[in-house]
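Dear colleague,

I am passing on the structure below, together with some notes on what turned up when I went through it. Please read them with the coordinates open beside you.

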Amino acid sequence: MMPEQKPLYHFRPPFNWINDPNGLIHWRGKYHLFYQYNPCSPLWATTMNWGHAVSEDLVHWEIMPIALSPTPGSPDEDGCWSGCAINKDGIPTIIYTGIKGRENRQETVCVSQSHDDSLVKWDKYHGNPVISSPPENIELVGGFRDPYVWREGDSWYLIIGSGIKNVGGTVFLYKSQDLINWTYLSSIYTRNQKETDPIWTGLMWECPQFFPLNDQYALIVSVRDNEKLYYPVYFTGTYEEYKFEPQALRRLDYGADYYAPAVMFDDKGRCIVFGWSWEGWNEEAIQAVGWSGVMSLPRLVSLRSDGLLNIEPVPELNCLRKNNYCLLEFDLSSSYVDLPVHGDCIEIAIEYEPESANEFGLYVRRSPNGEEQTAIVYDAISNNLFINRDQSSLDDRAYHGVHGGPLRLNGKESLNLRIFLDRSIIEVYANNQMCITERVYPSRDDSLGIRLFARGGKVRVKSVNAWELKGI
């Protein structure tokens, strides 16, 4: 028997398929999380619904009835796909992608509103779609979908993801006074993709999110490229006269299993991001367990002085902690230390003070003989942090690979890691500026150990804190 792989404190419904977070909104003191949902199967389907969950603390969630389902004969008869939720003068309003036609998929923008505070009942606008086609005279590639809406003054603005043939990803901008009648303005930003770009931003962008942070703006897009590359990136920069000028570009998450992030602002003014973590094993395994997909932990996003994003888990997650283990001030010199903490639902906080070691980090979900283990490694030579899951599972249905990216430590800067283990998902936060999300599926019941290590020299471990985490 395989160990149980379903996460305990990451949100997901008990069974079947979920993907993109949608319509995040803080309404009447509660956090509402909508998401793409197939209620009939653990596999993706050509028709999609909006699932719904509600929370008072971003940690404990109550699953609500399905919010949106396809309506036969309508513009969304083949799926209610990704979009956003806003407060329109006291009326909660969803703006989403409707699809009609399973082969020749016509993607349009639709509207639905709710008139109850629980946001359970939704009424679709009788005149849907409100945007029926992409801008004329532009040759697109990949699609036209995933509206995101905000208000400036007395006007509403909407962006939608797409791609321009032989150019790259783009975000189109529209304007409206009533959310019904929209005027196309321009492409807010198009990336003229070059092979020499340090981060490949692809041919088409999905799930755009655009919002102010201090005196700048952030644009998050999910890169989709020829069914091979899927990952989110963010730009920060300036915005005026309907044009966005980026000054920084980074991956939002450097793992293999994080996509389609969506943002919301709560009544404290905090910017909160959820992403979708898909499964890292094959369809046979998914069919066997009967579920697929999980929401990431909620992340706080703010703007750093260098123009990059500060990313960290929300402090509300601390309520899950129990049974703290702490160890202070010790050296590793081309050696290892096994922690007396074991488990598959654990938070680990470590501060490393780099010295002469070429590599250092830790193994998690480690069996006693190391037959199964997942390595979280900082390479001090190349200044890269990565997760290596080549030994994560003996189950041949699980995917492998090494994933990560650049993380340069300046001067005597320490490496501070916060690591969340939740059965099959690992989230790593490094120095509040880098995240890596991976899925792993150890096949052994005893793959629960944690080992710290250093190679090629010495590293100072300033502190280790570990907590068991309760399920939700």
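Leaving aside its neighbours within four places in sequence, S392 is in contact with E372, Q373 and T374, and also with V440, Y441 and P442. Please bear in mind that this is a predicted model, and that the contacts are therefore computed from predicted coordinates. S392 sits in the loop that runs between β28 (384–388) and β29 (402–406), and with a relative accessible area of 2%, which is under the 20% cut-off, the residue counts as buried. Its side chain makes a polar contact with the side chain of T374, at 2.5 Å.

The largest nonpolar core has 117 residues, of which Y352, L362, L385, L417 and L452 touch the most other members. Not counting residues up to four places away in sequence, L385 touches I376, V377, Y378, G404, G405, L407, L417, V428, A430, M434 and I436. There is also a second, separate core, made up of 13 residues, with I25, F34, C110 and L119 among them.

Of the 13 residues that line the largest cavity, Y9, F11, L58, W61 and P298 are the closest to its centre. Sorted by class, this lining consists of 11 nonpolar and 2 polar residues, with no charged residues.

With best wishes

Key. Residues numbered from 1 in each chain as written. Predicted model: local features only at pLDDT ≥ 70, side-chain atom pairs only at ≥ 80, totals over all residues. Heavy atoms only, no water. 1 Å grid on protein atoms, 1.4 Å probe; cavity = no way out; pocket = protein on both sides within 12 Å on 5 of 7 lines; lining within 4 Å. Nonpolar A, V, L, I, M, F, W, Y, C, P; charged D, E, K, R; others polar. Helix = DSSP H or I, 4+ residues; strand = E, 2+ residues; numbered from the N terminus. Buried < 20%, exposed > 50% of the residue type's maximum accessible area, 1.4 Å probe, protein only. Polar contact = N/O pair within 3.5 Å; in protein donor to acceptor, adjacent residues only side chain to side chain. Contact = heavy atoms within 4.5 Å. Core = buried A, V, L, I, M, F, W, Y, C linked by side-chain atoms within 4.5 Å.
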